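This report describes selected features of the structure shown below.

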Amino acid sequence: MSKLSGFCVAWLLAGAAFALSILLIPRSLAEDAGNLYNTVVDIRLGERYFERQCGRCHGFDATGNDEAGGPDLTGRLTRASTDVAIFNVIRDGIPGTAMLPVPENVTDPQVWQLVAYLDSLRYDPESVVLAGDAESGSDLFWSGSDCADCHMVSGRGSRFGPDLSRIGENRAPDDLLADMLNPQENVAPRWWRLRVTGPDGVSREGYRMNEDSFSVRIMDDDENLWSFHKDDLQSYERIEESTMPSYAQSLSESDLDDIVAYLFSLRREEI
Amino acid sequence: MKRLFLLVAILLSGAFIHVQAQEQQFQTVITPAFTPITWERLVNAADEPQNWLMYSGALDSQRHSLLDQINTENVAELEMKWAYQIPVIDRAETVPLVVDGIMFITEAPSNVTAVDARTGGVYWRYDHDLPEDLRICCGRNNRGVAILGETLFMSTLDAHLVAIDARTGNLLWNTEVAPYASGYSKTAAPLIVKDKVITGIAGGEFGIRGFIDAYDPETGELVWRTYTIPGPGEFGNDTWSGDSWATGGSATWITGSYDAELNQIYWGTGNPGPDWNGDVRLGDNLYSDAVLALNGDTGEIEWYFQFTPHDVHDYDAIQIPILADIEVGGEMRETMLWANRNGFFYTLDRATGEFLYGDTFATVTWASGLDPLGRPIRVPGMAPTYEGVMVSPPIVGATNWYSPAFNPDTGLFYVTSFDGEQEFFKRDEDYEEGERYTGGGGRYTQPMDAFHSSIRAIDPTTVDIVWEFPIMPRSSAGITTTAGGLLFSGSADGFFFALDAETGEELWNVSLSRRVHAAPMTYEVDGEQFVTIASGNVVFTFGLRD
C-alpha cells in the first residue's frame with residue numbers, strides 16, 4: 001500500500017469515526033439547562049479544583065499570571081460570556097494554546113462546579129445596593145471637588161491620575177471607598193513618580209509613564225513627556241507613592257458615598 | 001453504513017486536499033552534508049567554537065564560547081541577519097544547536113526544524129504528533145535537542161524520546177519514556193554521554209517518581225534507569241514517611257553536565273511532591289532538590305548533595321551544574337558551581353560532593369544561612385499555611401532553570417537572579433494518578449515592578465557579588481559569555497543585550513518586543529560570528545554589520 005492511499009484510508013476512518021460519534025453519542029450536557037451545580041458547597045469544591053489544577057497558569061486566586069500567560073478570570077472574560085461557553089472552554093480547551101482541556105476523567109458536574117466558582121468571582125452590578133446617589137456623586141466629582149483636576153472620564157478631565165471611564169468594571173464599591181481613604185495602599189507602578197537627572201544635568205520629576213530594562217519615560221507636572229536611556233541618566237530615584245491625597249477628612253461620609261456611587265456606575269456601555 | 005461511509009468520504013475529500021497543500025509547505029529537503037558528530041568531538045566541543053554542539057555548549061556547561069570576532073570594541077555594530085518565525089504560536093525556550101552551518105531549532109509543542117544558519121532558510125521540519133490530553137504544568141515548551149553521529153535526540157511533551165535523522169528530519173525511533181497520562185512529560189534537551197543518550201523527566205507537580213535514564217542511540221532501548229527517589233530497602237527510602245516516596249516527584253526536567261575524567265554525570269532534581277504540603281512526606285525526601293553524581297557507564301549514584309532537605313517551597317534544584325576548576329583556599333579544586341532556586345550559591349567538590357562553602361546571592365527569608373555541611377538553617381514559621389505566609393524567594397525562585405554561565409577569563413559566575421516575595425499557601429490533597437498534586441500555591445501581593453531582577457556576577461571563590469545589572473520585570477533568560485569579553489542575555493520586556501563581562505557595563509541592546517525565555521548561543525559560519533536568541537515566537541540571529 002502506498003503512503004498516499006494509507007493516508008487516505010486513515011482520513012476516511014477518522015471521518016467515519018467522527019460521523020458515528022455525531023450519530024451515536026449524546027451531545028455534551030453543556031447545552032443550556034443553566035448551571036445546576038452552584039450551591040455554596042459546589043463553589044467551594046470548584047475553588048479547590050481551581051487552586052489545584054488551574055492556579056498555576058491563572059493565579060492561585062484566579063487573578064491571572066502575566067508570566068505563565070493565563071488571563072485574569074475575575075472580570076469580564078474574553079473567550080466566553082455565558083456559563084455554557086465557560087463550560088466548553090474548560091471541557092474542550094482552546095486549541096493551539098496552552099489552555100488544555102481538563103482530563104476526560106473529570107466529570108461534567110466537576111466542570112460545572114468550576115464554572116460556579118468562576119461565576120462567584122463576579123457579581124451583577126445591578127444587585128449591589130449603594131448608600132450614595134450617583135447623580136449627586138457626578139456633580140461632586142465634576143464641580144464639588146478636585147477629582148477632575150487629576151482624573152479623566154470619557155475624555156473629560158486631566159491625565160494626572162488613572163482614567164476612570166470604566167472603573168466600575170474593576171472595582172467594587174468597597175474598593176473605591178478604600179481608594180479614596182487610603183490612596184497609598186497598592187499604588188499601581190504606572191502612578192509612581194520618578195526623579196531623574198538627565199544628561200543635560202537637569203533634574204526632573206514626573207509620573208512613571210513607562211520603564212523597561214533600558215529606558216524610562218516620565219510626564220512632568222506641565223504634561224511634558226521626557227524619555228531617557230537609563231545609561232545616560234546621572235541620577236535616578238523612584239518614589240513608590242501616589243500623589244493622591246486621602247479624602248477621609250476633606251469629604252463627608254455621604255459625599256464619599258455619592259462619589260462611590262458615581263464611580264461604580266462608570267462602565268462600558270453595553271452595545 | 002456504506003452510504004454513510006461514502007458521505008464521509010465526500011465530505012472529507014475537501015479537507016484532505018487542504019491538508020495536502022499544508023504538507024507541501026514542509027516538504028523534506030535534505031541538509032548539506034556535515035561531518036558526523038563523534039563522542040570525541042562532544043568531549044572537546046569547546047575547541048570547535050564555530051559549532052554549538054549541545055544545550056549548554058560543552059559538557060562542563062560553562063556556556064562560554066571561545067569566539068571573539070564580536071567583542072567589547074565592536075558589539076555596538078551588531079545588526080539582525082535573519083529571523084525565523086516558529087509557525088506554532090507559543091513560547092520559545094529553545095537553544096538551537098549549530099553543526100557546520102546547519103541550525104537545529106526546537107519548537108513548541110514538540111517539533112524540530114533544520115535551517116541554514118546563514119539565512120534561516122528551512123531545510124526540513126519534524127512535526128511530532130501529540131495527544132490532546134497532555135499533563136503539563138507550565139506551558140508547551142521544548143528547550144533543545146542533542147546530537148550524536150547524524151542523529152538528533154529530542155524530548156516530547158507526551159514523555160517520549162525520539163531520534164530524528166539530522167539530514168532529512170525523518171523519525172528513526174520513538175520510545176515511550178513514561179506514560180504521559182500518569183503525569184509525566186519531557187521538555188529538556190538530552191545529554192550525550194559516550195554511547196548513550198541521557199535524559200530526565202518532568203512531572204513534579206503530578207506526583208510522579210522521578211528518574212534519570214540512559215538510552216541506546218541506535219535502537220532507543222533503555223540501558224539503565226536511576227530513580228531520583230530510592231525504592232523500599234534502598235538507602236534513603238526512609239527519608240519519606242509512609243508510601244509518600246512513590247508519589248514524591250523529584251523530577252529531572254533540565255539538562256545535566258558530565259566530567260569525562262571523573263566519568264561522572266551530574267544532574268539536578270526537582271521539588272518533592274506535593275510541593276507545598278510537606279505533612280504527608282515527613283523526612284528529608286531524598287533525592288529531591290539535590291544534585292546527583294552518576295557513574296557515566298552504569299548510572300549508579302556515586303554521591304549526592306541535597307540543597308533543600310524537606311522542601312515545602314518548590315525550590316527545585318533544576319539548575320545546570322557548572323563544572324569549573326577554581327582556586328579554593330590557595331589550591332586548584334575541581335568544583336561544581338551552583339546558584340540555587342532557594343537563594344543560596346554553593347561551591348562543591350565535584351569529585352566527592354563535599355560542600356566547600358556557600359552563601360546567599362539573593363533575598364532569602366526561609367533560612368538564616370548554611371551550616372558547615374551546607375544544610376540550610378531554617379527560620380521557624382516559614383512553611384506554607386492555610387492562611388498564607390510571606391517568604392523569599394517566591395515560588396519562581398531566586399533563579400530557576402535559566403542557564404547560568406561561567407567565564408574562565410573573568411573567573412566570574414553569572415546568573416539571572418530575582419529578589420521577590422510571595423505568600424505561600426498549603427492545601428490538603430489526595431493523590432490521583434494523572435492529576436496535579438501540589439498541595440497549595442502562591443500569590444504575589446505586590447506588582448512585579450516592586451521587585452528587583454538582575455544579572456549578578458558572582459565571584460565563586462567568595463560568593464561576593466562583583467557587579468549586577470538590573471533588568472525588569474523578572475527575567476527568565478539564560479546567559480552566555482564569549483572570549484570577546486561579552487555577556488549576552490535577554491529580558492522579559494523583550495530586550496536582547498550585551499554587557500561587558502568584566503564590569504557589567506551595558507554595551508548594546510535591541511528591543512525584540514517579546515519576552516526572552518531562552519538562553520543565547522553563538523556560532524560561526526564562513527568566518528563570520530553570529531549570536532542567536534529566541535524571543536517570543538521568533539528565533540533572531542545577529543552578526544556584525546557587513
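Leaving aside its neighbours within four places in sequence, which residues is B:Val145 in contact with?

## Basis of the model

This is a predicted model, in which local features need pLDDT of at least 70, side-chain atom pairs count only at pLDDT 80 or more, and totals for chains, interfaces and linings use all residues. Residues are numbered from 1 along each chain as its sequence is written, while chains are lettered from A and ligands numbered from 1 in the order in which they are written.

## Nonpolar core

Beyond four places in sequence, B:Val145 is in contact (C-beta atoms, placed from the backbone, within 7 Å) with B:Leu97, B:Phe104, B:Thr106, B:Val112, B:Leu152, B:Phe153, B:Met154 and B:Ala189. B:Val145, B:Ala146, B:Ile147 and B:Ile201 touch the most other members of the largest nonpolar core, which has 149 residues. Such a core is a set of buried Ala, Val, Leu, Ile, Met, Phe, Trp, Tyr and Cys residues joined through C-beta atoms within 7 Å; buried requires 20 or more other C-beta atoms within 10 Å of the residue's own.

## Sheet in chain B

Four strands (DSSP E runs of at least two residues) of chain B form an open antiparallel sheet in the order S11-S12-S13-S14. Its edge strands are S11 (191–193) and S14 (222–227), each pairing on one side only; pairing requires at least two DSSP bridges. Five bridges join S13 (residues 211–215) of chain B to S14(B), where B:Tyr227 stands opposite B:Phe211.

## Helix packing in chain A

Helices (DSSP H or I runs of at least four residues) H5 (residues 134–144) and H9 (residues 253–264) of chain A pack at about 100 degrees, with their axes 7 Å apart. H5(A) and H9(A) are therefore roughly perpendicular, a class covering 65 to 115 degrees.

Conventions:
Buried ≥ 20, exposed ≤ 12 C-beta atoms within 10 Å, placed from the backbone. Contact = placed C-beta atoms within 7 Å. Axes fitted to C-alpha atoms, helices over the stretch in contact; angles between N-to-C directions. Parallel < 35°, antiparallel > 145°, perpendicular 65-115°, else oblique.
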